Amino acid sequence: ADRLIRASLLAKLKPKAYFERTLSGEIEKDIGGRVHWLQLHPAYGYEEFIRGLHIDGNGATEYRLGYLPNLMAKVEADDIPHVLILDEMNRTDLSRMLGECFSLLENREKEAELPGRGPDGKPMVLRIPKNLYVIGTMNLIDQSVEQMDFALRRRFLWVLCRFDGEALVSATKSRWDHRRVKWERVERDFERLAEAAAALNREIHGSPLLGEQYEIGHTYLLDAVSF
């Protein structure tokens, strides 16, 4: 998400203005304001994400917009990419939650009419602009991804993130506080940690009671270096 937005900001602002904003800390704010994180869970559904009926102050029912339509107003007013991160996306019923968004993910700029009408009596339409990117994350062990129908799965590029010893060492190095001990003194220790974790994963992978889905990832070990 950071790389995608950063590259677009650089192209739009041009190098001089971009690096001036970088030095002032504004670029980080520009990026942070365009990354939207949503934690999914079994109780999260269509009503929260798209649109749902609610009771107003007078006891009457009314339609209220959910997370996505409210986000669209912000995205459409911008010409820089926005990234929506759906965390733990396999912990909810995605087909129900996405609703009309299901087909709009690949049919960008196409409008879909939502059920019911607004206070003005007019139907509401939903459209997903091309500058909204969606990233879904999941841990395969939490729930089987087989519950996702193929029509949804083919709308995403799937990337399996297995344990990476080099990534673990590189990430811990970037988080290391040089005011305590020089990185060179502990680098070999973290290399041994990566080797031990890789050996553990081989045992887990070959276990008849566990298997590859129970292997640990390198991010699991990043707490070895606290902020």
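Which side chains meet in a salt bridge of 3.0 Å, N to O? They are the side chains of Lys 12 and Asp 79. Here a salt bridge is a side-chain nitrogen of Lys or Arg within 4 Å of a carboxyl oxygen of Asp or Glu. Lys 12 lies in helix α1 (residues 2-24) and Asp 79 in the loop between α4 and β4, so the pair ties together parts that are 67 residues apart in sequence.

**Basis of the model**

The structure is a predicted model, in which local features need pLDDT of at least 70 and side-chain atom pairs count only at pLDDT 80 or more, while totals for chains, interfaces and linings use all residues. Residues are numbered from 1 along each chain as its sequence is written, and side-chain values use heavy atoms, with hydrogens and water left out. The predictor's confidence in each residue is given as pLDDT, from 0 to 100. For the protein chain the mean pLDDT is 87, and 94% of residues reach 70 or more. Confidence is lowest in helix α7 (residues 150-153), with a mean of 74, and highest in strand β4 (residues 82-87), at 96. Helices (H or I, at least four residues) and strands (E, at least two) are DSSP runs, numbered from the N terminus.

**Salt bridges**

A search of the whole structure finds 16 salt bridges. Three of them are set out below.

| Pair | Distance, N to O |
|---|---|
| Lys 12 and Asp 79 | 3.0 Å |
| Glu 106 and Arg 155 | 2.8 Å |
| Asp 189 and Arg 192 | 2.4 Å |

The side chains of Glu 106 and Arg 155 meet in a salt bridge. Glu 106 lies in the loop between α6 (101-104) and β5 (111-117) and Arg 155 in the loop between α7 and α8 (165-175), so this pair ties together parts that are 49 residues apart in sequence. Asp 189 and Arg 192, by contrast, are 3 residues apart in helix α9 (residues 183-206), which separates them by about one helical turn. A network of salt bridges also links Arg 21, Glu 26, Lys 29 and Asp 30.

Accessibility is described by relative accessible area: buried means under 20%, exposed over 50%, and partly exposed in between (1.4 Å probe, protein chains only). On this scale Lys 12 is partly exposed at 47%, whereas Asp 79 is exposed at 55%. Glu 106 is partly exposed, at 43%. Asp 189 is likewise partly exposed, at 38%, and Arg 192 is partly exposed at 42%.

**Polar contacts of Asp 78**

A polar contact is a pair of N or O atoms within 3.5 Å; within protein, one must be able to donate a hydrogen and the other to accept it, and residues adjacent in sequence count only if both atoms are side-chain atoms. The side chain of Asp 78 makes such a contact with the side chain of Arg 34, at 2.6 Å. A polar contact of 2.9 Å joins the side chains of Asp 78 and His 82.

Arg 34 is placed in the loop between α2 (26-32) and β1 (35-39) and is buried, at 14% relative accessibility. His 82 lies in strand β4 and is buried, with a relative accessible area of 1%. Contact means heavy atoms within 4.5 Å. Leaving aside neighbours within four places in sequence, Arg 34 is in contact with residues including Ile 5, Leu 9, Ile 80 and His 82. With residues up to four places away in sequence not counted, His 82 touches Arg 34, His 36, Val 75 and Tyr 133, among others.

**Helix faces**

In helix α4 (residues 67-76) the buried residues are Leu 68, Pro 69, Leu 71, Met 72 and Val 75. Seen down the axis of α4, they fall within an arc of 160°, so they line one face of the helix. The arc is that of the directions from the helix axis to the C-beta atoms.

The buried residues of α8 are Leu 168, Val 169 and Thr 172. They cover an arc of only 95° around the axis, which puts them on the same side of α8. These buried residues pack against α9, while Glu 166 and Ser 174 are exposed on the other side of α8. At the start of α8, a side-chain oxygen of Asp 164 reaches to within 3.0 Å of the backbone nitrogen of Glu 166.

**Cysteines**

With a disulfide defined as a pair of cysteine sulfur atoms within 2.5 Å, the count comes to 0 disulfides. Cys 101 is buried, with a relative accessible area of 3%, whereas Cys 161 is exposed, at 67%.
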